[in-house]
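Please keep the sequence and the picture in view while reading.

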Amino acid sequence: MEIRFTVHAIPIAQPRQRHRVVSSRGKHFATNYTPKSDPVNTFKAAVQLTASQVYKSAPLEGPIGMDVILVFPRPKTVAKKLGDCRLPHDVKPDRDNVYKALSDAMNGLIYRDDSQICDGRIVKCRAAADEQPHVEVTIWEIE
């Protein structure tokens, strides 16, 4: 089985967790959180919406693979004479941090947990001249 879909959103990296100390019943402990206003939450919501529209079955069990193509906006400073093709994206954000946000967003929807992903490829590029930023996802079961 292969699942393919495109998320029409600018790829956003998962930020580092913030920490705070919470007191409860006289005990103190640290918790980790991502602020609700962080743009990664909007990106994850777009991923979840698209994934839930494409895949309506029970979450996959067992090992899976996931290929991702991250298409970032093309800066206006990049000359159109370079052509209409996609160009390498060699600046921040790191591809693994975007992949983390993407894979976390699909926990419980496409697969039980992102720890099941054991194969795949991540490509990071700038959009072609008339292309909008997006994320292309392909997920498959490993037999």
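## Surface and overall dimensions

Accessible areas come from the Shrake-Rupley method with a 1.4 Å probe, and for residues only the protein chains shown count as cover. Computed in this way, the accessible surface of the protein chain comes to about 9000 Å², and 52% of that surface belongs to carbon and sulfur atoms. This is a predicted model, in which local features need pLDDT of at least 70 and side-chain atom pairs count only at pLDDT 80 or more, while totals for chains, interfaces and linings use all residues. Residues are numbered from 1 along each chain as its sequence is written, and side-chain values use heavy atoms, with hydrogens and water left out.

Taken along the principal axes, the C-alpha atoms of the protein chain fill a box of roughly 65 × 40 × 25 Å. A residue is called buried if its relative accessible area is under 20%, exposed if it is over 50%, and partly exposed in between, again with a 1.4 Å probe and protein chains only. By this rule, buried residues make up 36% of the 143 residues in the protein chain. A contact means heavy atoms within 4.5 Å, and among the contacts with a separation of 6 or more, 81% are between residues 24 or more positions apart.

## Helices, strands and the sheet

Helices (H or I, at least four residues) and strands (E, at least two) are DSSP runs, numbered from the N terminus. The protein chain has two helices and seven strands, and along the sequence they follow the pattern β-β-β-α-β-β-α-β-β.

Two strands are said to pair if DSSP finds at least two bridges between them. Five strands form an open sheet in the order S1-S7-S4-S6-S5, with mixed pairing. S1 and S5 stand at the edges with a single partner strand each, so one side of each is left without a neighbour in the sheet. Within the sheet, S4 and S6 pair in the parallel sense over nine bridges; valine 68, for instance, has isoleucine 122 in S6 as its bridge partner, and phenylalanine 72 has arginine 126 in S6. S5 and S6, by contrast, pair in the antiparallel sense over two bridges, and here leucine 87 stands opposite arginine 126 in S6.

## Salt bridges

A salt bridge is a side-chain nitrogen of Lys or Arg within 4 Å of a carboxyl oxygen of Asp or Glu, and a search of the whole structure finds six of them. In one of these, glutamate 61 pairs with arginine 112, the closest N and O atoms being 2.9 Å apart. This pair links distant parts of the chain, 51 residues apart: glutamate 61 is in the loop between helix H1 (39-54) and strand S4 (64-72), and arginine 112 is in the loop between helix H2 (95-105) and strand S6 (117-126). Arginine 112 counts as partly exposed, because its relative accessibility is 45%.

Another salt bridge joins glutamate 136 to arginine 86, with 2.8 Å between the closest N and O atoms. Glutamate 136 lies in strand S7 (residues 134-141) and arginine 86 in the loop between S4 and strand S5 (87-88), so the pair ties together parts that are 50 residues apart in sequence. Both residues count as partly exposed, glutamate 136 at 25% relative accessibility and arginine 86 at 31%.

## Around helix H2

The side chains of aspartate 104 and lysine 100 also meet in a salt bridge, at 3.2 Å from N to O. Both lie in helix H2, four residues apart, which is about one turn of the helix. Aspartate 104 is partly exposed at 22% relative accessibility, and lysine 100 is likewise partly exposed, with a relative accessible area of 39%.

Leaving aside residues up to four places away in sequence, aspartate 114 touches Lys100, Ser103, Asp104 and Asn107.

## An exposed loop residue

Arginine 16 is found in the loop between strand S1 (2-7) and strand S2 (18-24). With 78% relative accessibility, arginine 16 counts as exposed. The C-alpha atoms of arginine 16 and aspartate 38 are separated by 11 Å, and these two residues are 22 residues apart along the chain.
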